[in-house]
Amino acid sequence: MPLLRPTCLAALATLLVSACTTSPGARPEAPADSWAVAVPAINRPEGETAAWWFRAGAAQAAERGAMAGNARNVILFVGDGMSLTTVAAARILAGQRAGQPGEEHRLSWEHFPATALSRTYNTDLQTPDSAGTMTAMATGAKARAGVISVGQAPLRGDCAGGRDHALLSLWELAAASGLRTGVVTTARLTHATPAATFAHSPDRNWERDNETPATAREAGCRDIASQLVDPALGRGADVLMGGGRHNFLPVTQPDPEYPRQSGKRNDGRDLVAEWQRAHPTGTYAWNAAQLSAAPMDAPLLALFEPDHMRFEHDRAGDAGGEPSLADMTRATIERLQVQSTQGYVLLVEAARIDHAHHYGNAHRALVDTMALSDAVQAAVELTSADDTLVMVTADHSHTLTFAGYPARGNPILDKVRGFADEDAPAGEYALDATGRPYTTLGYANGPGNTGASASQSAGPKRFLHPGKGFKPATGRPELTDVDTRHPDYMQEALVPLASESHGGDDVGVWARGPGSAAVRGSIEQNALFHLMVQATPRLRDALCERGLCNAQGVPVELPDPADFKAR
């Protein structure tokens with residue numbers, strides 16, 4: 001019999017929160033009793049190991065009642081760099097584009113009944129990177145910055161250590177358990193977040209052969225691109241969709257969309273051709289028309305750009321035709337539904353939110369966040385909350401700020417208006433201590449600093465600004481006649497950096513479907529893996545069959561990827 005203990009106070013708190021956040025007609029699951037997991041006390045961080053993190057994450061999920069879930073399918077949406085400030089600003093922009101004041105608007109996932117806060121730090125960084133954060137969500141164990149599905153014991157770049165401490169991912173577990181799998185991203189498929197699904201690397205930068213050190217290749221370490229498509233390493237994903245063609249093609253092969261460009265592999269391997277030989281019924285697509293024509297009942301590899309896909313704001317200008325994130329999400333879910341007999345596990349990443357923030361360009365970050373909202377809505381319309389757990393979160397934050405006292409409905413990308421005081425009568429610009437207006441949104445650091453740089457003079461910056469060669473600023477720029485709502489306007493940054501940095505604050509988690517009632521409170525990021533696994537009987541049974549569960553049936557022992565190779 002499971003060891004149960006009542007959680008009346010937690011249940012009451014969840015019901016009270018749900019009453020305020022649930023959309024009409026939607027009801028969260030009733031909170032379940034919790035399962036007990038013993039976690040040894042350690043002197044952190046000296047005593048931390050991947051095994052400790054795995055058990056601690058399992059305990060957080062179990063005590064919230066995730067084992068009561070009965071999900072058949074799992075969809076994880078990751079807004080890369082989607083801080084809570086980004087969500088709030090994108091919500092307002094979306095509402096204002098719909099003719100509302102904006103503040104009362106909701107993005108699609110803000111209708112979900114369950115919410116939590118996720119702590120994102122890496123084992124070696126207070127403010128994390130995307131490789132370590134996605135490793136936590138994908139494997140159930142926190143990790144170092146810069147490593148892909150590898151435990152924290154070896155240092156970054158340690159080839160042998162990376163092999164010895166590889167961590168099983170949720171997608172590998174799903175493939176080995178008979179579930180179908182999908183990976184969708186607007187970044188290169190070899191980038192940190194999508195790479196963590198089926199690759200293991202001690203360095204996130206080893207995306208192709210000639211980015212992997214010769215010593216590491218000689219020692220048997222594989223580049224990320226080859227790991228994602230090599231059938232010798234397991235079945236891999238049934239649907240792979242994103243950018244990054246040049247990491248899969250040799251330098252001798254011209255790019256199909258940009259003939260003056262070519263692949264970037266030096267080893268002569270054409271990984272697309274290798275994937276096609278391994279999947280003779282599968283389809284390779286590099287544009288939206290080919291995606292639309294691809295059959296539903298066969299594997300799919302789609303690479304829409306040599307590098308990252310375009311920002312949503314710029315997507316219409318792609319000559320080859322890029323699908324939207326919502327289009328890719330629909331296409332993937334429809335295929336997985338046709339192909340699966342046992343269920344599926346899907347990752348959808350809105351990667352370029354993060355990139356726009358690094359560029360210091362809030363407009364593109366917010367528009368890509370709105371594109372993610374469309375993708376989540378597409379998933380909601382194609383799935384049922386009775387059998388599909390949908391979780392939306394971010395891997396880390398950014399330094400975007402939302403400040404000043406703008407009037408209700410003030411355009412979110414504009415300058416602050418409407419705070420009635422001696423310096424700013426109602427409806428006029430609010431002024432700083434030097435008598436100049438300022439924007440509602442800004443960055444704590446980044447290339448939008450107003451000092452002169454090697455490429456742009458002192459004053460407001462325009463996208464794309466490489467941010468090199470800064471000189472000290474001589475005060476803030478005069479923005480009165482500057483169109484700060486222009487898509488290329490770069491918000492001011494306090495500290496001059498070539499690239500705006502991540503933030504270390506918590507990010508949101510929103511969920512609906514079986515097991516979603518367990519998504520509540522303040523949780524460690526690696527617990528998200530355990531929430532998804534424990535809520536999906538087929539996944540947790542696969543671990544228990546290998547003796548990795550405690551007496552109550554909770555998966556608590558760190559699995560070995562070698563035991564879960566799916567053919």
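**Entry 1: confidence**

I began with residues 1-32, where pLDDT stays under 50. For that stretch I found 46 contacts beyond four places in sequence in the model. This is a predicted model, so I checked the overall confidence next. The mean pLDDT of the protein is 91. I also noted that 91% of its residues reach 70 or more.

**Entry 2: helix α4**

I turned to helix α4, residues 130-139. How many of its residues are buried? I got ten of ten, and I wrote the helix down as mostly covered. Among the buried residues of α4 are Ser130, Gly132, Met134 and Met137. Thr133, Thr135 and Thr139 are buried there too.

I then looked at both ends of α4. At its start, a side-chain oxygen of Asp129 reaches to within 3.3 Å of the backbone nitrogen of Ala131. After the helix comes Gly140. The phi of Gly140 is positive, near 85°.

**Entry 3: salt bridges**

I looked up the salt bridges and found 30 in the structure. Side chains of opposite charge can pair when their charged atoms come close. I picked out a few pairs.

My first stop was Arg269, which forms a salt bridge with Asp230. Their closest N and O atoms are 4.0 Å apart. Where do the two residues lie? Arg269 is in the loop between β6 (239-243) and α10 (271-278). Asp230 is in the loop between α9 (224-229) and β6. The pair therefore ties together parts that are 39 residues apart in sequence.

I checked the exposure of both partners. Arg269 has 22% relative accessibility, so I logged Arg269 as partly exposed. Asp230 has 12%, which is under the 20% limit, so Asp230 counts as buried.

Arg269 has another partner in my notes. Its side chain meets that of Glu274 in a salt bridge, at 2.7 Å from N to O. I also found a network here in my list: shared partners join Asp209, Asp223, Arg265 and Asp267 through salt bridges.

Next I took Arg245 and Glu257. They form a salt bridge, with the closest N and O atoms 3.1 Å apart. Both residues lie in the loop between β6 and α10, so this pair ties together parts twelve residues apart in sequence. Is Arg245 buried or exposed? Arg245 is buried, with a relative accessible area of 0%. Glu257 is buried as well, at 14%.

**Entry 4: Tyr429**

I found Tyr429 in the loop between β12 (400-402) and β13 (441-446). Its relative accessible area is 19%. The limit for buried is under 20%, so Tyr429 counts as buried.

What does the side chain of Tyr429 touch? I found a polar contact with the side chain of Arg417, at 3.0 Å. I also checked Tyr429 against Pro40. The two are 389 residues apart in sequence. In space they are 57 Å apart, C-alpha to C-alpha.

**Entry 5: a surface patch**

I closed with the surface. Which residues form a nonpolar patch there? I wrote down Leu494, Val495 and Leu497. Together they have about 260 Å² of accessible area.

I looked at Val495 by itself. Val495 sits in strand β16, residues 493-496. At 38% relative accessibility, Val495 counts as partly exposed. A patch residue needs over 30%, so Val495 passes that cut-off.

Terms used: Residues are numbered from 1 along each chain as its sequence is written. This is a predicted model: local features need pLDDT of at least 70, side-chain atom pairs count only at pLDDT 80 or more; totals for chains, interfaces and linings use all residues. Side-chain values use heavy atoms; hydrogens and water are left out. Helices (H or I, at least four residues) and strands (E, at least two) are DSSP runs, numbered from the N terminus. Buried means under 20% relative accessible area, exposed over 50%, partly exposed in between (1.4 Å probe, protein chains only). A polar contact is a pair of N or O atoms within 3.5 Å; within protein, one must be able to donate a hydrogen and the other to accept it, and residues adjacent in sequence count only if both atoms are side-chain atoms. Patches are made of residues with over 30% relative accessible area and no salt bridge: like charges are joined within 9 Å, nonpolar side chains (Val, Leu, Ile, Met, Phe, Trp, Tyr) within 5 Å. Accessible areas come from the Shrake-Rupley method with a 1.4 Å probe; for residues, only the protein chains shown count as cover. pLDDT is the predictor's confidence in each residue, from 0 to 100. Contact means heavy atoms within 4.5 Å.
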